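Work through the exercises below with the sequence and the structure in view. Each task is followed by a solution in steps.

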Amino acid sequence: MTWLSIIIAGILTYFTRMTMIVLVNKDMLGDKIKAVLEYVPSAVFPAIIFPAIFINDYGSFIEMSDPKIFGAIVAIIVGYFSRNIIATILSGLVSYWFLIFVVFN
Amino acid sequence: MLSKKQLFSRGMFDIAPHMLSVIPFGIICGAIGVELGFNPYLVYAMSIIIFGGASQIVFLQLLSGGASTLVAVTSVGIINSRHLLYGAVLSEYLEKLSLIKKLLISYFIVDQGFAESNKFFKKNKTEEHLHYHLIGTGCTMWVCWQIATLSGIVLGSFVPEELGLKFAIPLTFIAIVVQDLKKIDHVIVMITCGLSSLLFFDAPFKSYIIISPVIALFVASLISRLSK
């Protein structure tokens, strides 16, 4: 039963990936739609970023003093100026670790 | 004109830094699946059949929490429905490919691969074999995800939990969108999406993950209409 449901979930996921690539062609996308699609990364990724920072494993809001908020701010600043993915991730992690292991310990 | 091989390598190169967060997350996901008491083969098969990061873990957590398989399957479908938006964006660049190639490439569409390949496509519209970049990002992600989840399943969670490495996932996505903070219209769209995702976090089937982009894209359409 679980195997069957995984296969169905896999097929569903594949369809989410394949449908638009196979069905959409240039004539269907006018300039207006294309202009809106420009925003897809900015419109999708914060839905992954915000809950991962502001909501904890138990589904409730974190406090404003949470180290994750500080880590995210550092990552944003470092990422903005360095334009470097590794620097962004590492600066966020290291500042987060600094708070949880050194400051709050 | 870059060769197919050059484009493929460029794709690998462009997505490689994200593996810093993907690999620990994959290990954690594999380990959690086994800890929840599922058959290790089943946990690993999900990495091939679904190949969908967090959705795999949500699926197992829902089942182990007593949810029906219908709820678990629906949630995976809804969480991954964001790929529809990626596909709509990428379709412009993949249009000339044969149906078979489109069907094969589709399997490799992932968040970070879409983000990095889309950035590359926008700057290199005239390249002939652009899709090799997408294959490069997708294959890199696939191989790393398989190795990482498999390691987590076999070795257990050897990544210390205290490190809180799940936090690397939002950081990886911050790295993707951070340069767009220069543009006020993008900032408005991002904040709309982020706040909506918190507001709708408790909506059924994890649907916040698609509700908030839809709201944000609506705001984006208003912005692009006003700015004309």
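Two residues are in contact if their C-beta atoms, placed from the backbone, lie within 7 Å. The model is predicted: local features need pLDDT of at least 70 and side-chain atom pairs count only at pLDDT 80 or more, while totals for chains, interfaces and linings use all residues. Residues are numbered from 1 along each chain as its sequence is written, and chains are lettered from A, ligands numbered from 1, in the order in which they are written.

**Exercise 1.** Describe the contact between chain A and chain B.

Step 1. Count the residues: 73 of chain B are in contact with 58 of chain A.

Step 2. Sort the chain B side into classes. Ala, Val, Leu, Ile, Met, Phe, Trp, Tyr, Cys and Pro count as nonpolar, Asp, Glu, Lys and Arg as charged, and the others, Gly among them, as polar. The side of chain B that touches chain A then has 46 nonpolar, 22 polar and five charged residues.

**Exercise 2.** Describe how H1(A) and H6(B) cross.

Step 1. Find the helices, which are DSSP runs (H or I, at least four residues) numbered from the N terminus. Two packed helices are described by the angle between their axes and the distance between the axes.

Step 2. The axes of H1 (residues 2-23) of chain A and H6 (residues 83-94) of chain B come within 7 Å and cross at roughly 35°. Axes are lines fitted to C-alpha atoms over the stretch in contact, and angles run from 0 to 180 degrees between N-to-C directions.

Step 3. List the residues that meet: among them are Thr16(A), Met20(A) and Ile21(A) in H1(A), and Leu84(B), Gly87(B) and Leu94(B) in H6(B). By class, this contact has six nonpolar, five polar and one charged residues.

**Exercise 3.** Which residues of H5(A) are buried, and what covers them?

Step 1. A residue is buried if 20 or more other C-beta atoms lie within 10 Å of its own, exposed if 12 or fewer, and partly exposed in between.

Step 2. The buried residues of H5(A) include Lys68(A), Gly71(A), Ala72(A) and Val78(A).

Step 3. The cover includes helices H4 (46-54) and H6 (85-103) of chain A, together with helix H10 (168-177) of chain B.

**Exercise 4.** Why is Leu99(A) classed as partly exposed?

Step 1. Locate Leu99(A): it lies in helix H6 of chain A.

Step 2. Leu99(A) is partly exposed because 19 other C-beta atoms lie within 10 Å.

Step 3. Leaving out residues up to four places away in sequence, Leu99(A) touches Pro67(A), Phe70(A) and Phe104(A).

Definitions and conventions. Helices (H or I, at least four residues) and strands (E, at least two) are DSSP runs, numbered from the N terminus.
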